Each structure stands twice: as structure tokens, then as C-alpha cells.
Amino acid sequence: MSMDNKLTWMSSSLPLTSTSRASPVIMMAGSRFFPKSSTSSQTFTTQKGSGDPTRASVVHLLARAHSLPCSAASQAFMQLVQPTARFQLALDMLLPLLTSAADLAQRIPVSFILYSMYAPYPISLNPFKSVLYATFVKERELAIEISSEGGFSEREQLVWVLWKILKGDGNDIGPYSPSTLTKSPLPPELRASCLFLDEETFMENDPDHAVAKSTITAGEPKQFAEQGASKNLLPLLPPATETKITREADRENERIAQAMKLVLAARDRALTLTEQRTLTPLIPRLTSPTMITSVDLPPIVSYNPNLAYQLVVALLMALPNNLAQDISVYLDALTLLPPTLPSFDLLGRLLRDTSAIPDYSTGGKTTIADIVRSEVLGRFIHESIKWLDNAERDEHEGLVSDDRFAKGVQNLCRFYSSLLKLSIVDAASDADSTEMSHFTLRYSRFEEANALYCILASGMFGKMEFNGSKLNLI
């Protein structure tokens, strides 16, 4: 079966090799990049006292890796540890973490680091493949046991991560942090009972497999050791609860996996027409339950505003329990878009969309246009003005040499003028127009800003009536 999940069913373009930025980041422990944790793992107590600065740095990295993208944690590890020392250090520090009952936020980056150390090569050549596989089998078995009793185990996310790695798709996990992965709900078809590996048919004959099993079962309760030593490592489910994947379902899973890969590709480039035709019919499946997070939206808007519009509409129509994040998080992402043409195109289309959606604050109905008008537009204008002020300062300081500031002012003024023509905003409303009036007056040297200021000023003056020698606001 070939199926990918939620955030990371996609081919990541992030490199797994080390970068020059990783090392300075590690040195800034306790900074805004590495907020100090209120608790520390007890797993590394003896290693901290060893006096080895490299091991201490790795301990420090792993204790804070929960908030870093997996690829960033891997890059930092490669920077911290010399190539000749990585294998031994992985044996001494990473494998015990992987096979222990440590927090998932540590076991997930450890799994990714073990994978990324040999990522340029096929997974079959990775010396840690057997332990990764044995861990997958054990965790899958335990997760299914809990599921068969009607519960849900957080091990499900680790099982999915290991499944992706062993399939050779570990790069898909790179852009996302362990905390994001552990909090992201899995669709039913990606629960542990549905995840299988082709390797299961021949790993029994792998000479390293027995070693891996003994590593996994060491220190485990007797029943797990006996299960791990049994010939059939896969749990036997009762016939009534056993999940069977039909050819049609597997084909559908393949289509969804391909769609998610296109979503990730849409963050880095404009999709071709053929790719858009492939992706568009599957958007409802990608948002119910959603496999899109707020961090995916800005780059998609930049390269593919039409796709971004379809995704946002689908997210706004999705049920709350199907969303990876609260709907307000997606709306917040829209308010922080830069004042560029793709952003204005997206906001303009949303503000004209009268499709009905549930209003969960009142229990009634509202429209996409209304919720974007009330929750997004005002702050988007405010943040756009701040963005342009910063762009002007950078231009004066010689930090940029392009015309982003001038183009931004012109495009923002044109965008706001179109909102006035469509009666989406009111020039006579102080709440709507005060901030833009100040902005256009400040930059009235631009033709578009000057023309818009005249419109806004006429709207403001239209609210006044002359009474003797005074001007009284109506």
C-alpha cells in the first residue's frame, strides 16, 4: 500500500545536508530560536556528565528539537558531529532514545536523523534500517492493541513517521517539527492498522534483523519480548476488526498521495496546468480532514494564488474537528501576507465570494466574504502598511535594490480603490478609511496614492456640514 498523510505526504525540497547556519543556531541556546524548556529529559543524565562537549551539544539539541523542523535538527546534528564520529554517537545516544519510552517529540527527530545520515542512498543501505523497522513493528503492534480496545495511542504518529522513513519517503517529514507532527490528526486510512511495508516479507531473512529485535525487546516486559521473538511480528487482529485495503482504496490513496506532493511542490513553484487539473478535484479530500497547515498558505499564495483560493475556501467550509488548527490560525495567516499582486488577487476573490459557510461563533450561517471582511481585511491593510514602511526603511539604508516599496504602494492603493468601487469598504467610514487616509497622504508623491487620498478625503468631507462658522461632524 502506498499512502501518505496529512502534512507530509509530499516530496520535500529541503536539503538534508548540513548548512553553515546550523552551528550558530545551536550556540544560541535560550534565545528566541531555542526557548528554554521548563523540563529536561532524564535520558541524557549520564551523558551530560561525561564532559564531552559534542555529546553535550547533541543532548542540548535533542532537548529542544521538538520545536524545530526535522530537517533543521538533522542539519544541526551534522554540523555538531564530525562525519567520522556520527555512526558511533548514533549508536551510543540516538538508538537508546529511539528504542526507549522517551517522549515522541524526541523519538521522531531521532528517527529522522538516523534516516538523514544516509539519505543520499536507498533505505536498504541504511545500517539503522533493521532497528527502525523493528521499532515500527513493535510500536504498530502496541498501537493496534490499544485501538482494538477502543482507545487511541499517540504512538500512531511515530508509527506513521517510521512508515514514511522505511518507505524511502523520509524527506517528506523534513519541513515539519515533531510537535506539529504529534499534534496533527491522522486520517483513518493512515492509522497503524492500515500501514504495511513490503519489507515485511523479507526482513525476517535479514541477518541484522535478529539483532534489531533483541535491541527493541531488551528491557521490555516479558509479553512484549515474547511477541517480538515470535515468528510473526505483525499483530493478529480479530477478523471483525482487521482492516482490508481493496485495490480501489489503494488507488485512491495513491491519488491523494500524489495530490499532497503537488501541494508541497506548489510552495516552491507555479504548478503546470496538468498538475492543477490533477490536484483540483482532490482538494476536498485534502481538507476533510485537512492535511494543510497555516504555514503552507503563504508560499502557495505567492506561486499559485488560484490554488490558494480553492484551498482557503475548502478550509473555511471544513468542520472544526477536521482542521489541523483552529480556523482563526488560517485567517491569521492571510492577514500576514505581503502586499503583492498574488495576495491582492486572493483577498479580492475571497471578499467577493458569497458562498455560505457555518458560523461557529453563533451557530448560524455566514459567507466567506463576510468572515474575510470582518476577520482579515482590516488587519491585512494594517500589516501591509507596516510591511511597506519597513521596505522603505530598508531601501533608504541600502539593504535592498529592487522596487518592492514603490510597487507595493502602487498596488495597495489600486487594491483599496477597487474595494471602494465594489462598496466593500466605505470612504465615509472612519473605521474603514482612517489608516489608509494617513498612508496615502504620507505617500502622496505616488500618483496612485494621491488619487486615492482625494477619494478618501472627499468621503470624509462628505460627512461634514457647515453650520455658521463651525464644521460639525454628522
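Q: Buried means under 20% relative accessible area, exposed means over 50%, and partly exposed is anything in between (1.4 Å probe, protein chains only). With that in hand, is phenylalanine 344 buried or exposed?
A: A heads-up first: this is a predicted model, where local features need pLDDT of at least 70 and side-chain atom pairs count only at pLDDT 80 or more, while totals for chains, interfaces and linings use all residues. Residues are numbered from 1 along each chain as its sequence is written, and side-chain values use heavy atoms, with hydrogens and water left out. Phenylalanine 380 is buried, and phenylalanine 344 is likewise buried.

Q: How many aromatic pairs turn up?
A: Rings of Phe, Tyr and Trp (its six-membered ring) pair if their centres lie within 6.5 Å; planes under 30 degrees apart count as stacked, over 60 as edge-to-face and the rest as tilted. Going by that rule, the number of aromatic pairs is ten.

Q: What kind of pair do tyrosine 118 and phenylalanine 128 make?
A: Their ring centres are 6.2 Å apart. The planes sit at 55°, so the pair is tilted.

Q: What about the rings of phenylalanine 344 and phenylalanine 380: what kind of pair are they?
A: The centres lie 5.9 Å apart. Since the planes are at 80°, the pair is edge-to-face.

Q: In which helix is phenylalanine 380?
A: Helices (H or I, at least four residues) are DSSP runs, numbered from the N terminus, as are strands (E, at least two). Phenylalanine 344 belongs to helix 18 (residues 341-351), 36 residues away in the chain, whereas phenylalanine 380 is in helix 19.

Q: Now for charges: how many salt bridges does the whole structure hold?
A: A salt bridge is a side-chain nitrogen of Lys or Arg within 4 Å of a carboxyl oxygen of Asp or Glu. Searching the whole structure for these gives a count of 14.

Q: Where does aspartate 92 lie?
A: Aspartate 92 meets arginine 55 in a salt bridge at 2.8 Å, N to O. Arginine 55 is in helix 3 (residues 53-63), so the pair ties together parts 37 residues apart in sequence, with aspartate 92 in helix 5.
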